[in-house]
Amino acid sequence: MFRFDDPIYLWLLLVIPVLVLLRLWMWRRQKKNWKRLGDPDLLRQLSPDVSRVRRLLKFTLVLTALALIILMLARPQMGTRVSHEKRNGIECVIALDISNSMLAQDVVPSRLDKSKMLVENLVDHFTNDRIGLVVFAGDAFVQLPITSDYVSAKMFLQNISPDLIQTQGTDIARALRVSMSSFTQQDRIGRAIILITDGENHEGDAEEAAKEAAKKGINVFILGVGGTKGAPIPMGNGGYLQDGSGETVMTALNEDMCRQLAQAGKGMYIHVDNTSDAQEKLNDAIAKLQTGQTDDVVYSDFDEQFQAFGILVILLLIIEACLLDRKNPALLKLKLFKKK
């Protein structure tokens, strides 16, 4: 099957029918002009070397060459096949808190944006590893199933916002359990859950979920984002979130709860602030995890086919250049059938 690297070039093929219509219009106009000069049959006898067929053929050759050039620019590719690649890496699920409190700006540019930047930098350090994305607030769901497609991971990461979940709150236990169910069943491979939150857990049972992960051999990293002094939550209209009495809601990092979760999961707690310390600590900790061999299925193995189109274009242009507008005088004298 054929695929095209940039389908926008295919829209340029609409130029072809436009040129054909323009050519037909010019031909009709030329025909009217000939009629004004005199009788068409007489004019045809006076100019026996004029060949309309050759002109039409030359125009067709140029038009075909132009169409092939447009297809060549679209970089046609062919040859899908399934291949299996063996890689040594780990499986990592990022559980990202997207509750409204993550919009606080005590960490620049905001808690949520800082977290996304941290995850993106982590992905840049991955080579043979797999990554999955889970988002949570009052509920949790898988945003990206575990994959080795880092381009898709970054794309999904950029689209994460608090609008993805209508139920507000912070259900860390639910996030941990959804993350645990996201891993593959492969044996002897390092697994990690990186839970990024400001620690405002509004539901119980979070420590039990962390203990469950530890029993399954999953490394739990708790990243606490924000400051302990508290910060208002911007609402996007220039104001800040207020409670029922009209007071501005202040949100602060609950470091004690984050440390307890990390301890229950036999993992590590890392504080995320405006420095790069958290990034360095996380990269070092992830690098120490046991790697295992994974089997990735690759479908997108295409071969470039534009060279064949280029050869056809050259041949068509050579033929068009060698083909004269006028009839060959030698051919005019050649008579294959003589009257008896």
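**Talking through a predicted model**

Colleague: How many disulfides does the structure hold?

Modeller: Keep in mind that this is a predicted model. A disulfide is a covalent bond between the sulfur atoms of two cysteines. To be counted here, a pair of cysteine sulfur atoms must lie within 2.5 Å. The number of disulfides in the structure is 0.

Colleague: Is C92 buried or exposed, and what about C258?

Modeller: Buried means under 20% relative accessible area. C92 has 0% relative accessibility, so C92 falls under that cut-off. C258 has a relative accessible area of 0% too, so C258 also counts as buried.

Colleague: Which residues make the nonpolar surface patch of about 270 Å²?

Modeller: Let's start with one member, L24, which sits in helix 1 (residues 15-37). L24 has a relative accessible area of 47%, so L24 is partly exposed. A patch takes residues with over 30% relative accessible area. The patch is made by V20, L21 and L24.

Colleague: What share of the residues in the protein is buried?

Modeller: Good one to ask with the whole chain in view! The protein has 11 helices and 13 strands, and its residues number 340. Of these residues, the buried share is 39%.

Colleague: Among contacts between residues at least 6 apart in sequence, what share joins residues at least 24 apart?

Modeller: Here we look at pairs along the sequence. A contact needs heavy atoms within 4.5 Å. Among contacts between residues at least 6 apart, the share joining residues at least 24 apart is 80%.

Terms used
Residues are numbered from 1 along each chain as its sequence is written. This is a predicted model: local features need pLDDT of at least 70, side-chain atom pairs count only at pLDDT 80 or more; totals for chains, interfaces and linings use all residues. Side-chain values use heavy atoms; hydrogens and water are left out. Patches are made of residues with over 30% relative accessible area and no salt bridge: like charges are joined within 9 Å, nonpolar side chains (Val, Leu, Ile, Met, Phe, Trp, Tyr) within 5 Å. Accessible areas come from the Shrake-Rupley method with a 1.4 Å probe; for residues, only the protein chains shown count as cover. A salt bridge is a side-chain nitrogen of Lys or Arg within 4 Å of a carboxyl oxygen of Asp or Glu. Helices (H or I, at least four residues) and strands (E, at least two) are DSSP runs, numbered from the N terminus. Buried means under 20% relative accessible area, exposed over 50%, partly exposed in between (1.4 Å probe, protein chains only).
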